[in-house]
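Hi everyone, thanks for making time this morning. I'd like to walk you through a structure, helix packing to begin with and then the ligands. Here it comes on the screen.

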Amino acid sequence: MTSYASPAVTDTVLNFIDGTYREGSEGKSFPNFNPATGEQIGLVQEASADDVADAVAAARNALNGRWGSMTTSERVKLITAVAAEIERRSDDFLAAEVADTGKPRAVAAHIDIPRGAANFRMFADVISTMPGESFITDTPDGGQANNYTVRKPKGVIAVICPWNFPLLLMTWKVGPALACGNTVVVKPSEETPRTAALLGEVMNAVGMPDGVYNVVHGFGPGSAGEFLTSNSDVDAITFTGETRTGEKIMQKAAVGVRDVSFELGGKNAGIVFADADLNKAVEGLSRAVFMNTGQVCLGTERVYVERPVYEEFVARMKEAAEGFKPGAIDDPAYLGPLISAEHRDKVLGYYRRAVEEGATVVTGGGTPELSGPEWAGFFVQPTVWTGLSHDSTVMREEIFGPCCGVIPFDEEDEVIALANDSPYGLCASIWSENMSRGHRVAAAMDVGVCWVNSWFLRDLRTAFGGSGHSGIGREGGVHSLEFYTELTNICVKL
Ligand SMILES: NC(=O)C1=CN([C@@H]2O[C@H](COP(=O)(O)OP(=O)(O)OC[C@H]3O[C@@H](n4cnc5c(N)ncnc54)[C@H](O)[C@@H]3O)[C@@H](O)[C@H]2O)C=CC1
Ligand SMILES: O=C(O)/C=C/C=C(\O)C(=O)O
């Protein structure tokens, strides 16, 4: 069977500051593991408080230097070159991402790496074609004024990233930040430092000015994450990760009244009506539950099924779940490991809790039987439960694992109330062949993103983000510009 560790990724991962790879100035490092094999594959150099300060200063200098005086078209040219260089080096990015996450090569090859390039290319297009705002205003003296707005970069942006789609989620922030003329200091997850570090090579290869893109490695509290969010020369913070971490970052951002953009957790509902095409619903929802081993903020952990098709749906989800298993890494049905032993223990804690809360385990519920060193990592079984109450902990808290509870319903109003009864508001999916119902129920969902007869079908121009505990603000297309730029309105008396 395939082993993920390759000599190319058994190395030291360095910080990238002011265009140069650097060790941490305090000589500290931490191990990096392959989650599939559980083996150590490298050492990551931890940035000290001084290193983080250097990175922020480099980002500030770049704003005040060549980068800050470039025209939009000069910036767009560089950003487009970044996209092309990621594509040219896609094998390197793929190896790094798979080594860090253990995810199926097919998933990384079709989602993570192409999105890494697309996130630069799309925002280069958006900034090139963005119209300005202008009003002719009647004035009290019977004359007129012209009001128009200019967009300016916000400044130095701190980009704090999670481990589930490392390159995708980091570039989703870095792409628009650079397109708008900002500079960035990225703090990748301590679990997945490699693709952010590798992107430094790309920046140098295309001639990006030093200091525009910086990477500091480390943890959250008392480490690079906190050093970065506490740095008063950071103008704004964009973060994807857990809701409680968002709260802590927001407290830091309050000092100096700095802006935040947050994409946080979810406890997303899938709703299957009796008139759904069950083939589509089972295919879509099994991806929504099990893809990336359930480590997707958009993933579905609550499924509500109209009673006439409930038994059949549960039987078919069981079959679908059992089709996902550790196997060939190139197989899209390969169920990779969870990111870490700590996260596996958290997920298995919920598996035990489900049983304590009265669940019937339809399939899974534990760890798979795997032997051999290539499978010594953090695998769990894909799991489907029935019999859980809507109010149970397992149906209310984000698990971030390959699991879902299925609950029957009878009425449209009832299921809308159930789906909306959550502190989270990230996304939902509705499955019905009755399109007027599809539109009606989708509009009633208290979420940032709602799919009808699909899931994770993304158009990068659309607004993306969540409400309630799922986040603050929307990114995507022109919506990203609201966070990454400041507007100055200019009023000229004519
Ligand atoms: N996209 C999402 O919604 C994600 C949700 N999660 C959920 O969060 C749980 C915990 O996973 P973690 O990786 O620990 O998520 P986390 O939210 O703690 O970490 C995400 C990033 O924030 C940084 N960070 C943590 N504390 C910080 C602080 N006080 N100041 C500045 N930066 C800080 C981390 O170093 C990492 O780069 C998971 O079990 C999962 O349930 C995890 C990853 C992504
Ligand atoms: O498509 C995107 O931009 C984002 C996808 C996934 C997440 O945001 C996540 O899992 O955190």
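At what angle do helix H9 and helix H10 pack, and how far apart are their axes? Before I answer, please keep in mind that this is a predicted model. The angle is about 50 degrees, and the axes of H9, residues 278-290, and H10, residues 310-323, are 10 Å apart. As for handedness, the crossing of H9 over H10 is right-handed.

Let's see who does the touching. On the H9 side you have Leu278, Asn279, Val282, Leu285, Ser286, Val289 and Phe290, and H10 answers with Glu312, Phe313, Arg316, Met317, Ala320 and Ala321. Sorted by class, that contact holds 9 nonpolar, 2 polar and 2 charged residues.

Now please turn to H6, which covers residues 194-206. Since anything over 145 degrees counts as roughly antiparallel, H3 is roughly antiparallel to H6. Here too the crossing is right-handed. H3 brings Asp92, Phe93, Ala96, Glu97 and Asp100 to the contact, while H6 brings Arg194, Thr195, Leu198, Leu199 and Val202. The class count for H3 with H6 is 5 nonpolar, 1 polar and 4 charged residues.

H6 also meets helix H5, residues 166-179, with axes that come within 10 Å and a crossing of roughly 40 degrees. That angle makes H5 oblique to H6. H5 passes H6 in a right-handed crossing as well. The residues involved are Pro166, Leu167, Met170, Thr171 and Leu178 from H5, and Thr195, Ala196, Leu199 and Met203 from H6.

On to the ligands. Ligand 1 is surrounded by 27 residues, and the closest are Cys161, Trp163, Lys187, Glu190 and Lys346. Glutamate 190 has a side-chain N or O atom 2.6 Å from an oxygen atom of ligand 1. For lysine 346, the corresponding distance to a ligand 1 oxygen is 2.7 Å. For threonine 245, a side-chain N or O atom sits 2.9 Å from an oxygen atom of ligand 1.

Which residues are closest to ligand 2? They are Arg115, Asn164, Glu263, Cys297 and Arg458, out of 14 residues that surround ligand 2. Glutamate 263 places a polar side-chain atom 2.5 Å from an oxygen atom of ligand 2. Arginine 458 has a side-chain N or O atom 2.7 Å from a ligand 2 oxygen, and for asparagine 164 that distance is 2.8 Å.

Note on methods: Residues are numbered from 1 along each chain as its sequence is written. Chains are lettered from A and ligands numbered from 1 in the order in which they are written. This is a predicted model: local features need pLDDT of at least 70, side-chain atom pairs count only at pLDDT 80 or more; totals for chains, interfaces and linings use all residues. Side-chain values use heavy atoms; hydrogens and water are left out. Axes are lines fitted to C-alpha atoms, for helices over the stretch in contact, and angles run from 0 to 180 degrees between N-to-C directions. Helices (H or I, at least four residues) and strands (E, at least two) are DSSP runs, numbered from the N terminus. A crossing is left-handed if the near helix is turned anticlockwise from the far one by less than a right angle, and right-handed if clockwise. Contact means heavy atoms within 4.5 Å. Ala, Val, Leu, Ile, Met, Phe, Trp, Tyr, Cys and Pro count as nonpolar, Asp, Glu, Lys and Arg as charged, and the others, Gly among them, as polar. Angles under 35 degrees count as roughly parallel, over 145 as roughly antiparallel, 65 to 115 as roughly perpendicular and the rest as oblique. A residue is near a molecule or strand if one of its heavy atoms lies within 4 Å of it. A polar contact is a pair of N or O atoms within 3.5 Å; within protein, one must be able to donate a hydrogen and the other to accept it, and residues adjacent in sequence count only if both atoms are side-chain atoms.
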